[in-house]
Amino acid sequence: MLDSESDSGSGVKLLGAVILPVLVTVVLVGVLTIGTVMGTGVYVSKLFSNDQRGVVGTGVTCSFDGSEVEAPDGSGGSVKFSQEQLNNAAMIIAAGNTAGVGAQGQKVALMTALQESTLHNLANPGVAGSMDLAHEGTGSDHDSVGLFQQRPSMGWGSVEEIMTPSKSAAVFYDRLKGVEGWESMTPGQAAQSVQRSATPTAYDKWEPTAGTLMAALAGVKCEPLGAPSGQAAMGVAGVSGGRAAIIAYAQAQVGKAYVWAAEGPDAFDCSGLTKMAYAQAGIQLEHSSGAQLNAGEHIPASQAQPGDLLWWPGHIAIYTGNGRMIGAQTPAEGVREMAVYGSPTYIRVPGL
């Protein structure tokens, strides 16, 4: 890219990208009709009733029943999207509704993110602070980060803002609306007008995929982070005692602010949240992520249970099961429930 994004995916390491056969099954909250979406090659079916809520960016959550979508990749094959990728796609669509760009603008944005990151929120080892934020893989093109591989040095925003999907999408739409006549361009041309890629036709192949995602996610509901959640109300199935108390407390804080050294009731930093959550189980932790690293036994990820601690250098959070966690992340993100990222140390504190 000349000013903002990765060079057509070069230097990108993704977590969990899978290529599979063409059969497509989508399971979504709010999709009540079982049938084929004409012209997309996607089969939509409501199979489950349990709600899963995935955080897709600061202030926004989207609800899913299922966790995967498989769609044509525009090159004669197919690509399978995880729940995290669908969360990001749903956030892009929701941000497009707010920006008022219509279906055409949403398609342009999805095609761009598909090309730049395959809908993964990418950190960059060469960009200070990015590896400490929630991410789903890494890229290494200049100082590009996030879904759209935007560059802080080129005025796209701070690292935290660009790696917050809802904010990076909003910035993309602002830039798109600043392109005169974008509505009359092909989606690929409009994407290139914003991104200025060194491979200007690279976005075109993702148009069928973007159309499939828009059809598949049409019934997904996005709402402000911290709104009443079925999952938060229910806790975590099969968890009781001190672990249940820890999880329930952490879930009740989702949506509150991150403030350094705070330990509630209206704001937390990372170790302040874990300290107060563990207090609900009668366990006293020091208000320090470094001290909490040594508060218990380090265990393999395969042995982790809801309520255990997750530690990264300078950060700590609470495992909620099924590869997810709750943490007081950053001032830009606040307290979030999200997928576990990177390679944290799992800690089992005595008393649980």
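The model is predicted, so to speak, with rules attached: local features need pLDDT of at least 70, side-chain atom pairs count only at pLDDT 80 or more, and totals for chains, interfaces and linings use all residues. Residues are numbered from 1 along each chain as its sequence is written, and side-chain values use heavy atoms, with hydrogens and water left out.

Let's start with the sheet. Six strands line up in the order S13-S18-S14-S15-S16-S17, making an open, antiparallel sheet. Strands here are DSSP runs of E with at least two residues, helices are runs of H or I with at least four, and both are numbered from the N terminus; two strands pair if DSSP finds at least two bridges between them. Strand S13 (297-299) and strand S17 (335-339) sit at the edges with a single partner strand each, so one side of each has no neighbour in the sheet. From one strand to the next, the twist averages 35°. S17 is joined to strand S16 (residues 324-328) by five bridges, and Gly327 has Arg336 of S17 as its bridge partner.

Two helices lie across this sheet. Helix H9 (residues 270-279) lies across S14, S15, S16 and S17, at about 45° to S15. Axes are lines fitted to C-alpha atoms, for helices over the stretch in contact, and angles run from 0 to 180 degrees between N-to-C directions.

Next come the cores. A nonpolar core is a set of buried Ala, Val, Leu, Ile, Met, Phe, Trp, Tyr and Cys residues joined through side-chain atoms within 4.5 Å, where buried means under 20% relative accessible area with a 1.4 Å probe, protein chains only. The largest one has 45 residues, and Ile92, Leu110, Leu119, Tyr173 and Leu213 have the most contacts inside it. Its largest share, eight residues, comes from H1. A second, separate core of 23 residues includes Ile247, Cys270, Ile283 and Leu293.

Finally, there is the helix pair. The axes of H1 and H4 come within 9 Å and cross at roughly 45°. Residues in contact (heavy atoms within 4.5 Å) include Ile92 of H1 and Tyr173 of H4.

Conventions
Buried < 20%, exposed > 50% of the residue type's maximum accessible area, 1.4 Å probe, protein only.
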